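Here is a quick tour of the model, one chain at a time and then where they meet. Have the viewer open while you read.

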Amino acid sequence: MKFGIVTFPGSNGDYDAYRGVIEALGEEAVYLWHKDHDLQSVDVVILPGGFSYGDYLRAGAIARFSPIMTEVRAHAERGAPILAICNGFQVACEAGLLPGALLRNNSLKFVCAPVSLRVENSATMFTSGYDAKEIVTLPIAHGDGRYSADDETLKRLEGEGQVVFRYAPDAIQAEEAYNPNGSMNDIAGIVSAQGNVLGMMPHPERAVDPLLGPADGLPLFESILHRVAA
Amino acid sequence: MIRYRVAVHVVPRRGLLDPQGKAVADALHTLGFSGVAAVHVGRHLVLEIDAADETTAREQTSLMCEKLLANPVTEDFEIATVSRT
């Protein structure tokens with residue numbers, strides 16, 4: 001299977017995603033330059049983390065106009081998988097691939113830490129490798145991760161099972177402090193109505209090697225592999 | 001065509017949590033400005049636009065705000081001033 005990782009000016013999670021796919025998953029990966037109009041026949045598109053266009057105006061606001069986004073949008077409309085991580089999630093929201101927006105953390109601080117997440121929907125093409133309601137640990141690294149949407153959108157996301165990951169308390173993170181950014185409904189990751197675009201603030205691609213801590217991100221990539229190969 | 005200078009305010013939508021505004025308000029309280037009830041931190045943009053008339057310049061600016069300059073999910077905008085350069 002072939003993964004395409006979009007590199008915007010200012011992306012910094014692209015290599016992590018590339019390495020995760022090649023080394024941890026053992027699959028093929030290519031970089032997709034933001035100015036190109038060619039997805040190189042990839043099966044899966046990854047919008048990586050970073051600070052595309054310096055987060056000018058708003059995080060993700062400029063990247064959505066990159067030439068490659070025309071093809072990324074068409075990829076989404078075909079129902080093909082898109083994994084949008086961190087800044088990629090912000091780009092996907094700005095581009096209208098996912099509903100809502102990501103605002104400044106309520107603490108006003110950039111938070112770089114492992115967090116506990118509950119897998120709220122393990123029936124998506126991205127999460128079939130997890131148990132229902134499994135608690136996993138993934139790293140976050142963001143300053144603008146507070147998921148916000150209007151009431152109607154939130155109700156729809158909750159009702160349709162589109163909330164995929166939620167910040168959750170565990171033994172380390174106290175009950176009142178487990179939500180690292182003030183996200184509405186503790187939302188850490190959502191899928192599109194069609195189910196083929198996943199946006200999430202935590203970094204699964206930075207949790208694929210047991211040498212560096214829990215490899216809880218690996219099942220996410222394996223889930224995509226099983227689904228697309230099937 | 002006339003060149004207009006258009007100033008736009010983009011502010012967080014009322015009712016949405018605005019931690020930046022709250023932090024600034026807290027700092028002002030610390031300085032003794034106890035009368036500050038709330039602060040909202042947004043962006044001030046100044047555009048120079050060539051348009052046939054002021055109405056067109058305003059319409060163009062509104063469109064730009066809806067499409068890019070403000071996030072329709074979380075922000076409101078207002079055109080503060082329009083003047084000839």
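## Chain B: the outline

Chain B has two helices and three strands. Read from the N terminus, its elements go β-α-β-α-β. Keep in mind that this is a predicted model.

The C-alpha trace spans about 50 × 25 × 15 Å along its principal axes. Burial is worth a look too: 14% of the 85 residues in chain B count as buried. As for contacts in chain B with a separation of 6 or more, 70% of them come from residues 24 or more positions apart.

## Chain B: the sheet

The three strands make an open sheet in the order β2-β1-β3 (chain B), and the pairing is antiparallel. On the edges sit β2 (43-51) and β3 (75-84) of chain B, each pairing on one side only. Neighbouring strands of this sheet are turned by 25° against each other on average, if you ignore direction.

Zoom in on strand β1 (residues 2-12) of chain B: nine bridges join this strand to β2(B), and the two run antiparallel.

## Chain A: the nine-stranded sheet

Over in chain A, nine strands build an open sheet with mixed pairing, in the order β2-β1-β3-β4-β11-β10-β9-β6-β7 (chain A). Its edge strands are β2 and β7 (135-142) of chain A, and each of them pairs on one side only. From one strand to the next, the twist averages 25°. Helix α3 (residues 87-94) of chain A packs on the sheet and touches β3, β4 and β11 of chain A. The direction of α3(A) makes about 115° with that of β4(A).

At one end, β1(A) and β2(A) pair in the parallel sense over six bridges, and the bridge partner of G4(A) in β2(A) is V30(A). Is β1(A) mostly covered or mostly open? Mostly covered: five of the six residues in β1(A) are buried. At the other end, strand β6 (residues 111-119) of chain A is joined to β7(A) by eight bridges, and these two run antiparallel. There, V111(A) stands opposite H142(A) in β7(A).

## Helix α2 of chain A

Which residues of helix α2 (residues 68-77) of chain A are buried? They are I68(A), M69(A), V72(A), H75(A) and A76(A). Look down the axis of α2(A) and these buried residues fall within an arc of 110°, so they line one face of the helix.

As for the cover, what lies over the buried residues of α2(A) includes β1 (2-7), β2 (28-33), β3 (44-47), β4 (82-85) and β11 (197-200) of chain A. Just after α2(A), G79(A) takes a positive phi of about 85°.

D55(A) has a phi near 60°, a positive value in a residue other than glycine. You'll find D55(A) in the loop between β3 and α2 of chain A. With 18 C-beta neighbours inside 10 Å, D55(A) counts as partly exposed.

The other is N185(A), where phi is near 55°, again positive in a residue other than glycine. N185(A) belongs to the loop between β9 (163-167) and β10 (187-191) of chain A. Its 15 C-beta neighbours inside 10 Å make N185(A) partly exposed.

## Where the chains meet

Notes: Residues numbered from 1 in each chain as written. Chains lettered and ligands numbered in written order. Predicted model: local features only at pLDDT ≥ 70, side-chain atom pairs only at ≥ 80, totals over all residues. Buried ≥ 20, exposed ≤ 12 C-beta atoms within 10 Å, placed from the backbone. Helix = DSSP H or I, 4+ residues; strand = E, 2+ residues; numbered from the N terminus. Arc of directions from axis to C-beta. Contact = placed C-beta atoms within 7 Å. Pairing = 2+ DSSP bridges. Axes fitted to C-alpha atoms, helices over the stretch in contact; angles between N-to-C directions.
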